[in-house]
Protein chains: 2
Amino acid sequence: MNKKGIIAIISGFSGVGKGTIVKELVNRYGYVVSISATTRKPREGEVDGKSYFFKTQEEFEQMIKKDELMEYAQYVDHYYGTPKKYVMEQLEQGNDVLLEIEMQGALKIKEKFPEVSLIFITPPSVEELKNRLINRGTETMEVIEKRVKRAAQECVYMQEYNYIVENDSLEVCIEQIHALLQSIHFENKNQKNLIENIRKDFDQYR
Amino acid sequence: MNKKGIIAIISGFSGVGKGTIVKELVNRYGYVVSISATTRKPREGEVDGKSYFFKTQEEFEQMIKKDELMEYAQYVDHYYGTPKKYVMEQLEQGNDVLLEIEMQGALKIKEKFPEVSLIFITPPSVEELKNRLINRGTETMEVIEKRVKRAAQECVYMQEYNYIVENDSLEVCIEQIHALLQSIHFENKNQKNLIENIRKDFDQYR
């Protein structure tokens, strides 16, 4: 029997490095990242079914109505959401699926799909988070202060996560999260088939 | 600040190989195994405070009374139990502690100490468990049948465990459990200090 994949959401404060971590997990170990659906127009170079599933507003609202999304939200006149179908297909094929989603969306998914594991990536300190945002050199101090303020608000969600991993050294953090994802396979909720098979196997001895 | 160790109970059916696995985890990676207290007399070569903490019946009953044991049970006129003090000292020193305990004892400990992680090691099949017991060559078929029958009873406890790991190849299983124990450090319940520190750190930005 094909072993089913696991599904994990990776969240963290803006600037913590989660984008890089997810990209490396995909490149090095073949994890699959879920593809979002959106009603915004494709940008230069974006491919339908790869960058996003591009949908008309009508199509997207049909997906909502038919409960085909794990979660969705509206930003600046456009819908963004996570289609169930793609994720479920990948899981059935035995692939482990990563979702990079912000905290409120993550908690909404966890409520509906308790089999999901929530992983939170945190910087070692707020000081360090600020330094990383400054060193990027892409934002003004005003924007950076705004991001840190937002992180201060978001940090209450941290305690709802199943696993908290510190990103001190990027290299160490990538390997730790890879090991963690492998270990999540052993969680009781992901071993229901094995438990059931062993129980049945023992029936003749009872 | 010194990082506190984690505490994990390793259980499994008789013959699954958990003794070897725990021994290898200690030898290769320096995990600490909890030392039991007992009222039975030391056997040749057994050292007090290393093999067991040897106690008189009176001393043991005092330990029960003073709630100094994580769990205890009586077998064939003798008490056996897990002293809290040794485990807690090791955790404080930052050592990860393994307890090799049978299932009912494990569940009793989990109830009292929810921070404990329960790991269950299972054979790939009942057939395989029987083969291993036969290949040991130390027991009669009658004893082996009894052990399998007992495992058939015990297997209802399996679903109460946090993690279920299959011991198909011993070498793979040792490495998987080592990775799992490392990942357990990232569990929310073991990251309370980090969560608290980050929250405090953000206070100035709220």
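This is a predicted model: local features need pLDDT of at least 70, side-chain atom pairs count only at pLDDT 80 or more; totals for chains, interfaces and linings use all residues.
Residues are numbered from 1 along each chain as its sequence is written, and chains are lettered from A in the order in which they are written. Local features need pLDDT of at least 70 and side-chain atom pairs count only at pLDDT 80 or more, whereas totals for chains, interfaces and linings use all residues; side-chain values use heavy atoms, with hydrogens and water left out.

**View 1. Extent of the interface between chain B and chain A.** In this interface, 41 residues of chain B are in contact with 41 residues of chain A (contact: heavy atoms within 4.5 Å). The two chains bury about 3700 Å² between them, 65% of it on carbon and sulfur atoms; buried area is the accessible area (1.4 Å probe) that two parts lose on being put together, summed over both. On the side of chain B, the residues that lose the most area to chain A are F186(B), F202(B) and Y205(B), together 21% of what that side buries.

**View 2. Polar pairs and composition at the interface of chain B and chain A.** Between the two chains, 20 residue pairs are in polar contact, both residues being at pLDDT 80 or more. A polar contact is a pair of N or O atoms within 3.5 Å; within protein, one must be able to donate a hydrogen and the other to accept it, and residues adjacent in sequence count only if both atoms are side-chain atoms. Zero salt bridges are found across this interface (side-chain nitrogen of Lys or Arg within 4 Å of a carboxyl oxygen of Asp or Glu). The elements of chain B that give two or more residues to the side touching chain A are α5 (126-136), α6 (141-154), β9 (163-166), α7 (170-184) and α8 (192-202). Helices (H or I, at least four residues) and strands (E, at least two) are DSSP runs, numbered from the N terminus.

**View 3. Surroundings of S14(A).** S14(A) lies in the loop between β1 (7-12) and α1 (18-29) of chain A. At 22% relative accessibility, S14(A) is partly exposed (buried is under 20% relative accessible area, exposed over 50%, partly exposed in between; 1.4 Å probe, protein chains only). Leaving aside neighbours within four places in sequence, S14(A) contacts L129(A), L133(A) and R147(A). With R147(A) there is a side-chain to side-chain polar contact at 2.6 Å. The C-alpha atoms of S14(A) and R132(A) are separated by 10.0 Å, the two residues being 118 residues apart along the chain.

Note on methods. Ala, Val, Leu, Ile, Met, Phe, Trp, Tyr, Cys and Pro count as nonpolar, Asp, Glu, Lys and Arg as charged, and the others, Gly among them, as polar.
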